[in-house]
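Hi there,

Here is the structure I promised to pass on.

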Amino acid sequence: MPGGQISDSDELLAAARAALDAQESFGLVQGYYYMKEGDDSIKLALTRTDYLRSRVLSNLSVLMIAYPLALCVLFFLSLWLSKLAARPMEQAVEMERQFVADISHDLKTPITVVLANDAILRSNPELTAGEQMQWIDASDAAARNMMDMVEQMLTLSSLESVNQTVEKTEVNLSA
């Protein structure tokens with residue numbers, strides 16, 4: 001019986017009579033599912049149970065393949081979207097790391113100058129005050145340079161924390 005077609009008309013007629021005599025508007029009679037509607041003129045639908053079972057099993061097998069496949073697709077799509085959404089944050093963290101590395105290097109240089117000059121002064125106590133001024137002036141310049149960088153960092157930090165608006169003006173760079 002391909003496609004749920006009925007080969008025996010007597011079997012169909014008996015099932016139709018049983019369905020019409022039944023009190024319920026749907027149910028099972030003689031191996032057929034039935035559904036009927038209406039009071040004056042009755043509409044009757046009959047379907048063989050084995051055909052209906054085969055269609056349900058066929059649809060179920062399709063769903064058993066499609067559902068896990070759809071879950072996998074959604075999983076990988078959400079993974080890709082989360083990486084896409086996290087990219088700006090990763091770039092910001094990388095920029096912050098680079099900023100800290102640059103500042104550390106820029107602060108390390110003047111500190112090295114100050115420490116080297118102090119070591120020279122300590123190792124040469126016989127130098128005159130005039131001779132020592134060269135090393136003291138170099139240490140002083142390095143310390144001022146370091147102070148300027150720290151002040152710039154504090155200014156940047158205060159601008160970020162207060163959410164102040166910075167006044168922008170156009171500048172002609174070619175002039």
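**Salt bridges and the rest**

Asp50 counts as partly exposed, at 40% relative accessibility (buried means under 20% relative accessible area, exposed over 50%, partly exposed in between, with a 1.4 Å probe and protein chains only). Before going on, a word on the source: this is a predicted model, where local features need pLDDT of at least 70 and side-chain atom pairs count only at pLDDT 80 or more, while totals for chains, interfaces and linings use all residues. Residues are numbered from 1 along each chain as its sequence is written, and side-chain values use heavy atoms, with hydrogens and water left out.

Back to Asp50: its side chain meets that of Arg48 in a salt bridge, 3.3 Å from N to O. The term stands for a side-chain nitrogen of Lys or Arg within 4 Å of a carboxyl oxygen of Asp or Glu. As you know, side chains of opposite charge can pair when their charged atoms come close. Arg48 also forms a salt bridge with Glu11, and there the closest N and O atoms are 2.6 Å apart. Arg48 sits in strand 3 (residues 43-48) and Glu11 in helix 1 (residues 9-21), so this pair ties together parts that are 37 residues apart in sequence. (Helices, H or I with at least four residues, and strands, E with at least two, are DSSP runs numbered from the N terminus.) Put together, Glu11, Arg48 and Asp50 are linked in a network of salt bridges. Within it, Arg48 is buried at 14% relative accessible area, whereas Glu11 is partly exposed at 28%.

How many salt bridges turn up in the whole structure? The search finds four. Another of them joins Arg97 to Glu94, with the closest N and O atoms 3.3 Å apart. Both residues lie in helix 2, three residues apart, or about one turn of the helix. Arg97 is exposed at 54% relative accessibility, and Glu94 is partly exposed at 41%.

Now the surface. Leu74, Leu77, Trp80, Leu81 and Leu84 make a nonpolar patch of about 490 Å². Patches take residues with over 30% relative accessible area and no salt bridge, joining like charges within 9 Å and nonpolar side chains (Val, Leu, Ile, Met, Phe, Trp, Tyr) within 5 Å; the areas come from the Shrake-Rupley method with a 1.4 Å probe, and for residues only the protein chains shown count as cover. One member, Leu84, is in helix 2 (residues 49-123) and is partly exposed, with a relative accessible area of 36%.

What lines the largest pocket? The residues are Met95, Glu96, Phe99, Val100, Met153, Leu156, Ser157 and Glu160. Helix 2 and helix 3 (129-162) are the elements that give two or more residues to this lining. By class, the lining has five nonpolar, one polar and two charged residues.

Gln30 has a positive phi, near 50°, in a residue other than glycine. Gln30 is in the loop between strand 1 (26-29) and strand 2 (32-37), and is exposed at 52% relative accessible area. Ser139, in helix 3, is buried at 12%. Ser139 and Asp118 are 21 residues apart in sequence and 8.0 Å apart in space, C-alpha to C-alpha.

Cheers

Definitions and conventions
On a 1 Å grid over the protein atoms alone, a cavity is a set of points where a 1.4 Å probe fits but cannot get out, and a pocket is an open set with protein on both sides within 12 Å along at least five of seven lines; lining residues have an atom within 4 Å of a point. Ala, Val, Leu, Ile, Met, Phe, Trp, Tyr, Cys and Pro count as nonpolar, Asp, Glu, Lys and Arg as charged, and the others, Gly among them, as polar.
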